[in-house]
Structures are given as structure tokens and as C-alpha cells.
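Here's a quick briefing for anyone meeting this structure for the first time. Have a look at the model, then read on for two residues and the chain as a whole.

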Amino acid sequence: MAVAADVRQGPALLTPRSFQTATLLPDGRVWLAGGVSISPFVVHASTELYDPRTELLSQGPALVVGRHFHSGVLLRDGSVLLLGGKSSGTQREASTERFSPSTGQVVAGPQMKSSRERQTATLLEDGRVLVVGDFDGTSNRVTELFVDGGFVLTGSPSVSRGEHVAVRLLDGRVVAIGGRDGTSTFWKTGEVYEPVSGTWSALSGALATGVAESAACLAADGTLVTLGGNDGNVATAQVTTVAAGANALAAATPMPVRRDVPNLVSLPDGRLLVAGGTGGSDDTQLLVRTLSGGWQDAGHLPQSQSGGTLTVLADGTVLLAGGFEAYPTPLSARLQLISPHEPFWSSAPQLFQSWRDGALLVAVDGHAYLFGGAPDGRAVSRLEASAWVDGGRLLADHADHPTATLLLDGRVLIVGGVGATSEVFDPATGRSTATGPMAHPRTGHAAVLLGTGEVLVAGGTGPGFISQAERFHPGTLSFTPAASVNVTRTGGQLTLSRDGRAWLGAGATQVERYDPARDAWDVVATLGSAHQQGAVLLESDDAVTIAGGVGTATADRVRVDGGIDVSRALLGTVPVARSYLLRDRWMLAHANPDGGPATAELLTPQGPALALPDLPFRSSGAVSAMAADGRPLVVSTSPAQGDSAWFDEGRNTLGSLVPNLVSAPAVWRPGDAVTLTGSGFSRGEGARGAYNSSSSEVPLVRLERLGDPASEYLPVRNWGQFAVTVDVPKGQLPGWYSVRVIARGSPSQPQLVRVRLRTGGPCVEGVVCESGQCVAGVCGDGGVTDGGVNDGGLIDGGLNDGGINDGGLIDGGLIDGGLIDGGLIDGGLIDGGLVDGGLIDGGLTDGGLTDGGLTDGGLTDGGVTDGGTPGGPPSSLQVGCGCGQAGGAVWILALMFLRGRRRARHLAD
């Protein structure tokens with residue numbers, strides 16, 4: 001892994017500031033609050049919100065009191081508590097205030113027992129906040145706890161500290177080290193606070209030199225590391241540690257440079273990053289402390305920066321905000337984004353057969369599937385742990401660019417590719433069920449699962465460009481016409497926003513939106529490029545980015561109001577494989593029709609493109625999907641190679657630092673609060689221990705939609721080391737999702753969950769509820785259409801969706817397969833059925849009266865025994881009627897069974 005970190009300029013601060021606080025919020029944004037400018041002297045009450053997904057800053061709510069040299073801490077309920085600081089050149093504050101990200105409001109909080117500046121505020125494991133220190137020139141040793149919305153006194157340390165560091169250890173204790181008393185005394189000592197007893201005790205050992213304004217954080221093994229600072233005269237280079245579980249300061253060791261007011265964070269891979277500060281021979285140098293305690297040069301900042309803040313974002317990138325470039329002026333006007341890890345590709349198993357122009361999808365069983373494509377349009381391949389294996393066979397040929405769409409019940413709809421055929425593939429059985437015909441044969445079309453549970457199919461050719469769209473209904477396995485698009489296209493993509501509307505882009509210059517409730521398409525904007533074979537990347541309900549394509553090296557952001565933001569330059573101009581959100585950025589994989597290296601890049605929603613290493617294979621075409629473990633999988637469509645590869649962000653995260661998500665409720669419902677359990681969701685204070693640092697140990701919870709990769713952070717209601725409770729948004733669409741916990745820039749392994757809408761609850765018109773339809777904004781009680789008897793029908797499905805047609809009498813039978821390995825329709829009494837298969841490998845319809853016979857012939861084109869005369873002898877009809885009578889008896893039995901189950905449900909209600 002390369003040592004040097006990638007550093008790039010972020011957006012300009014709306015208000016240049018120093019000695020502000022920076023707090024990582026539960027939704028992944030960073031809140032910059034307060035701070036000061038020196039020339040002219042201004043204490044800022046303004047705040048800013050930085051969104052890593054858009055790389056934009058927006059104005060936040062104003063503070064009740066402008067302040068600097070204050071502290072900030074993220075509370076368990078997701079709000080931010082600001083404490084103390086100076087509101088002018090001389091006025092120290094006892095006031096506090098709270099910011100609620102969910103409401104966007106700041107309100108005044110309770111008064112502290114003492115006025116304070118340059119104190120520390122440390123979140124305890126039980127949710128209380130320990131406030132220590134005061135830079136007041138006196139011997140103020142008052143220590144207090146924020147609890148239940150107010151402040152209470154607790155035990156006092158032996159000395160008054162200000163500009164010290166304080167970090168919560170893994171065992172819950174808090175260590176305070178160094179600082180000064182506001183005069184000329186710089187402390188060499190450290191003390192430990194025990195939350196249970198509320199008492200302080202001294203650490204043995206001492207710093208080599210008393211220091212103030214140093215930095216501290218926890219290393220991967222739980223060791224507290226403190227470094228830098230000043231002794232009243234010059235910056236220091238001393239590094240001191242407190243081992244996990246110990247009560248002693250270890251002997252000091254030096255780091256390569258002196259540094260005052262440094263910033264220090266723990267990286268996702270366990271190393272420590274030092275950035276910013278002043279007083280050294282080169283204040284721009286980035287330093288990395290290795291896992292063994294050694295030091296490495298990690299590159300340089302574009303300019304020196306002291307008095308700012310350092311925050312680890314969800315994707316492991318580190319944000320350096322504010323501070324001075326040269327004290328006391330000028331202020332740093334731009335954010336710096338530091339990427340200390342290097343992404344890489346690792347080879348995945350080769351395909352066991354050549355393949356191109358098919359569909360790639362990750363199913364609910366966690367496996368990646370390849371469907372159709374040339375040369376064998378009926379092939380299904382499944383990726384196991386170490387090899388691609390035969391995953392089954394499709395009923396029809398889907399050789400030329402079919403689509404594969406994940407349905408609400410976990411099956412996969414395969415549409416088009418050759419002719420007007422479609423089918424529903426069940427990964428659990430490896431078998432398909434035929435659907436009703438489409439109105440148009442299609443290839444090069446797009447498809448997306450709607451919030452109603454239906455699938456919208458639009459665009460493509462078959463032959464000629466097709467304007468009419470279609471909607472697939474899983475309950476009846478049928479297609480019905482939908483409104484025609486305004487502009488025909490091939491090679492487009494559909495993606496669904498949470499408001500239930502579908503964006504259609506690429507393949508034409510126009511960007512359209514489909515409203516399922518109105519069955520109407522609206523042209524949103526017209527671009528300068530068609531982005532043929534480009535990607536449609538969902539940013540929010542209000543915007544998408546259309547990126548890349550053949551001969552197009554731009555990414556155009558389209559707003560729902562029709563506005564088109566300035567195009568950004570991409571690094572590649574060749575076709576883009578289906579692109580997936582990777583934490584807060586998109587990975588774009590570019591095929592190379594000329595046979596050259598396949599390239600890749602990272603793209604932020606509104607930021608610049610970043611080069612990635614070339615893929616480990618050459619490919620004239622590629623498809624990609626987000627795998628169950630959160631890594632993008634890219635599969636070459638070059639028929640001679642059959643290569644595939646995983647993309648890894650390159651953090652090489654230690655197992656001890658990765659949050660472990662153990663359990664999540666299998667079914668989520670909009671408006672509910674759900675609790676995820678595991679371990680490692682927070683590891684103490686975690687980041688900086690200085691006065692102007694906020695605890696950044698909040699676990700972020702990311703929900704990603706399977707099959708159509710849109711993702712979002714969920715509102716965190718409460719959190720701790722072993723559990724986090726989140727609110728499921730009321731407008732969350734039903735479907736399958738992958739959920740993971742992200743802590744310190746490291747994601748857990750995902751859990752698969754399903755969002756369903758409850759009976760009687762609120763819903764959006766047109767959305768299918770858990771049982772029944774959404775009527776007048778309320779979920780109905782179901783019935784026989786979607787859900788049916790016994791929450792899902794007779795056998796885990798309803799009479800239509802999972803019942804008679806799919807999973808019931810027709811495909812599945814009365815009891816998982818019918819009377820004899822099948823059902824009355826597709827399975828038959830003897831390895832066949834009344835319709836598709838007969839008493840003996842034939843049937844009344846296909847292989848029976850018309851084109852077959854009782855044995856191997858029929859009345860029309862065959863006879864009683866392998867032949868016969870046209871029309872067939874009466875005996876054929878007599879035996880056929882006997883078969884029909886037997887079938888009728890079975891149908892009567894089935895209907896009696898259904899009626900009994902219905903009555904049972906009625907009585908239960």
C-alpha cells in the first residue's frame with residue numbers, strides 16, 4: 001500500500017473560520033459551528049453543513065451565541081451539544097445550545113455550573129457528557145456532567161486544566177493529560193476519571209515536558225496516543241502513550257517533526273494521521289504513525305493549516321476544515337480532502353463459459369447471477385465463493401441485452417433480449433415460470449421495479465425504436481401498456497427515486513421522469529449529449545447525474561426543476577458499465593471497444609472525477625453490480641475472456657476496527673424504529689481529544705436498494721458500542737435492501753432486510769401494501785390479490801402473487817410442487833400437467849388433442865398410438881374426457897381447500 005495520501009481541494013468555506021467545532025452527523029454530513037477570525041476580529045455565530053455526497057457546503061442554522069474555543073459533542077439521540085467557549089475577546093460562556101439535524105434548528109440549552117473556555121467534553125458510554133477544564137487563569141477544578149438535560153457536579157481532578165486532551169478509553173474511563181492552568185504552568189501529569197464512582201486518580205509517570213494544545217486519540221489496540229503541543233515557548237515533538245487497561249504514562253518518544261496545535265485521527269486501517277498544526281520545519285507535511293509505532297511521510301498539504309478540525313468521513317476520506325494558513329492571517333478558505341488509502345482491483349473467478357450482452361444481478365440469496373447473453377441465451381451462471389457455476393436454465397432465448405429486475409418476492413424478472421419473451425426466475429429453485437407476452441419484442445431497453453411492485457419497461461428496439469412502455473404485474477404474470485415515452489432510445493437506464501417516480505436517461509439527449517400514479521412521462525431537461533451507453537446515477541429525489549457514454553467525457557447533473565448544472569469532465573469517453581454507488585462516490589467502469597485497457601474512475605455527485613487503477617483485464621464491454629459484501633463486481637462481456645474482478649477501496653481495515661453487525665430485523669416497515677445489534681459501533685471518543693473536537697464515533701447506518709443501487713443514511717435515534725436504533729423513513733419504498741453499519745470509515749458486512757407496508761398504515765397512492773392496495777393513503781387489508789390468506793397466501797403467497805399463479809396451484813401446486821412434483825398446470829399428475837404435459841408426457845393442449853396424443857400423437861396431428869387419422873378416433877375423446885373428469889375432481893378438491901382457508905381467515909378476523 002502506498003504511503004502518500006491523495007490530497008485535493010474541496011469547496012470554499014462560506015465563512016473562513018478557525019477554532020470552530022466539526023461534528024460528524026448520523027446522516028454522514030459534517031456540521032461546522034462557530035469559530036473566529038482575527039483580522040478583523042469576529043466571533044462567528046454562523047454554521048455550515050458539508051455534504052460528502054455532493055461535496056457542497058450549505059448554510060446551517062445560526063447559533064444562539066457566537067463562540068470559539070468551545071467544545072462540541074454528538075449526543076446519543078443524534079443532536080449536537082455545544083458548550084462554553086468565548087463569545088467575544090474576553091467573555092467566557094457558561095451557556096450551551098443544541099442542534100437537531102432532523103429539524104435543522106438550534107435551541108438554547110441549560111447553563112453549566114461554570115463559565116469555561118478551551119475545556120473538553122467527552123461522551124461517556126452511558127450517554128452522559130463529562131466536562132473538564134477551564135482556561136481562566138485561576139484554579140478552577142470544577143468538573144461537571146451533562147445528564148437528563150441539565151448539569152450536575154462530579155469529582156474534581158487535582159489540577160485545573162485548559163488546552164489539555166481528554167479521551168474515553170475502551171473500558172469506559174476517561175484520561176485527561178497535559179494542558180495548563182491559564183498562567184505559566186504547563187502540566188506533565190495525567191489523571192483518570194472513573195464514571196461509576198465519579199472520582200479521579202493520578203496516572204503514574206509523566207510527560208517529558210509539560211504541554212498544551214496537543215492532540216490525542218485511540219490507536220487500533222486501544223492505546224491512547226498523545227503528541228505535539230507547545231511548552232509555552234516552542235512546539236514539541238514528544239509522543240506519549242497510555243496502554244489499554246494501564247494507569248501509567250509511558251516514556252516519551254519523538255515524532256519526526258515538531259508540531260503545535262496538530263490534528264490527529266485514527267484511520268480505518270488502524271494507522272494514525274497527523275495533519276495541520278504549526279511550529280515545525282515543514283507544517284504542510286502529513287505524517288502517519290504505523291501500527292508498530294513507526295513514522296512515515298504521507299505527502300503534503302497545499303498550504304499549512306493550524307487551528308482547524310479533522311474528521312473521518314463515511315468512505316474513509318479525512319476532511320480538514322478551517323484554520324489559519326499563517327497565524328494570525330490569512331484564514332484557510334477551502335476544505336482539504338485527504339484520502340490516505342489506495343484503491344485496487346482483485347481478480348474474481350473466471351466464467352466457465354464465454355458470455356456477452358446478457359444481464360448481471362445480485363439476488364436475495366447473496367449470489368451474483370448472469371442471465372442470457374450470447375452465445376447461449378438460456379444460460380444462467382451463479383457466482384459461488386470461488387467459482388462461477390451453472391445456475392439453471394431459462395425457458396427462452398435472451399441472447400441480446402435482456403434486463404434482469406429483482407421483484408419484491410425475491411424472484412427475478414427476465415425481459416426481452418430476443419423476441420417478446422419474458423419469464424420469472426426463482427434463484428431458490430433455479431427454475432423459471434413463463435409470463436404473459438409483452439406487447440413489443442425488445443432489446444437495449446431499460447427496466448426498474450416500481451414502488452407498486454410492478455416493473456416498468458421502456459425504450460429499446462424490436463425492430464425499430466419503441467415508444468410505448470409496459471408495466472409487468474407480478475400477481476398475474478402479465479404485461480399491460482403504459483404511457484409512451486416522449487423520445488425513443490436504446491441503451492438507456494431507469495432508476496427510481498423514493499417519491500416513486502422513475503428517471504429515464506442516457507441513449508437520448510432528453511431526460512424524462514415517469515409518474516406511476518398518472519401513467520405519464522414528463523421531459524425534465526434536454527442535454528447536449530445523448531450519453532449513449534452512459535450511466536444514470538441517482539443523487540436524490542430531486543436530481544440525477546447522467547455520466548459518460550460513447551464519445552462523451554462529461555457528467556451532467558439534472559435537477560427535477562429542469563435545471564442542468566455545469567458539466568464535469570470525466571476521464572473516460574468509452575461506454576460505461578452499469579455504475580454503482582460506493583459509499584459516497586460512484587465507481588465508473590469503462591469498457592474499451594478498441595481492445596485497450598479497461599479504465600475506471602470515482603465520481604462524486606458534484607465533485608471532480610478521480611482516477612482509479614485500470615481493471616486487471618481488457619474488455620470490449622462490461623457490466624457491474626454491487627455484490628452482497630458491498631464490493632462492486634465487474635464482469636467482462638468480451639466473449640474470448642470471461643473475466644471478472646472485484647473493486648476494493650484499499651483500506652485494508654483491521655478486523656478489530658470493523659464494526660460487526662450481528663442482527664437486524666428481517667422485515668422493516670416505514671415509520672418504525674428498528675434496532676441493529678453487534679459490536680464495535682463506537683470505540684471511545686475515537687478521534688481527537690482536544691477542546692475544539694467533537695466526538696465522531698457515531699455509527700452511520702446505510703440502506704442500499706438491491707437491483708437499483710440507490711442508498712441513503714437512516715436517521716439515528718440512539719446508539720452505543722453494541723446497538724444502534726434508526727428510524728425507517730415514512731416514505732420508504734417496499735423492496736429488498738442491504739443494510740450496513742459504518743464506523744470510523746469502516747463498513748460492516750451487510751444484512752439483507754425487506755421493507756414492507758403494514759395494513760392500516762399510511763402509504764403513497766399506487767404503492768402495494770403488505771396486504772392489499774393503498775387506498776386513500778391507507779393500506780387495505782389485502783384479500784386475494786397481494787398477500788391474501790395467512791399473510792402471503794395459502795403457501796407463502798397470495799392467490800395471485802405467490803398463490804394460484806405463482807407458487808400455488810399453477811407453479812408450486814397445493815403443497816410445494818403440486819400433487820406429483822409440480823402442479824395441476826405446470827407439473828401435472830405425472831411429470832406434466834393438464835396444460836403443459838399430460839397423463840403420459842403429453843397433455844390436452846400441448847401434446848394432447850391438438851399437437852400430440854394420448855401417447856405420442858393426437859386427434860389432429862397424430863393418433864391414439866404414434867399416428868392416427870386427422871380428427872382422431874372417438875376413443876381419444878373418451879380417454880381425454882376421462883382425464884378431464886379426473887382433473888375436474890382435483891379442481892373441486894383444490895377449490896374446497898381454498899374455501900376452507902378463506903373461511904378460517906374470516907373467522908380469525
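Ser-381 sits in strand S34, which covers residues 379-383. Keep in mind that this is a predicted model.

**Ser-381**
- With a relative accessible area of 5%, Ser-381 counts as buried because that value is under the 20% cut-off.
- Setting aside neighbours within four places in sequence, Ser-381 touches Phe-352, Gln-353, Ala-368, Tyr-369, Leu-370, Trp-388, Val-389 and Gly-391.
- Phe-371 is 10 residues away from Ser-381 along the chain, and their C-alpha atoms are 6.8 Å apart.

**Thr-236**
- Is Thr-236 buried or exposed? Its relative accessibility is 6%, so Thr-236 is buried.
- A polar atom of the Thr-236 side chain lies 3.1 Å from the backbone oxygen of Gly-228.
- Gly-228 also turns up among the contacts of Thr-236 beyond four places in sequence, along with Val-211, Gly-229, Asn-230, Asp-231, Met-255, Val-257, Arg-258 and Arg-259.

**The whole chain**
- How many helices and strands are there? The chain has 1 helix and 70 strands.
- The chain has 909 residues, and 61% of them are buried.
- Take the contacts between residues at least 6 apart in sequence: 50% of them join residues at least 24 apart.
- The chain's accessible surface is about 31,600 Å², and carbon and sulfur atoms account for 54% of that.

Conventions: Residues are numbered from 1 along each chain as its sequence is written. This is a predicted model: local features need pLDDT of at least 70, side-chain atom pairs count only at pLDDT 80 or more; totals for chains, interfaces and linings use all residues. Side-chain values use heavy atoms; hydrogens and water are left out. Buried means under 20% relative accessible area, exposed over 50%, partly exposed in between (1.4 Å probe, protein chains only). A polar contact is a pair of N or O atoms within 3.5 Å; within protein, one must be able to donate a hydrogen and the other to accept it, and residues adjacent in sequence count only if both atoms are side-chain atoms. Contact means heavy atoms within 4.5 Å. Helices (H or I, at least four residues) and strands (E, at least two) are DSSP runs, numbered from the N terminus. Accessible areas come from the Shrake-Rupley method with a 1.4 Å probe; for residues, only the protein chains shown count as cover.
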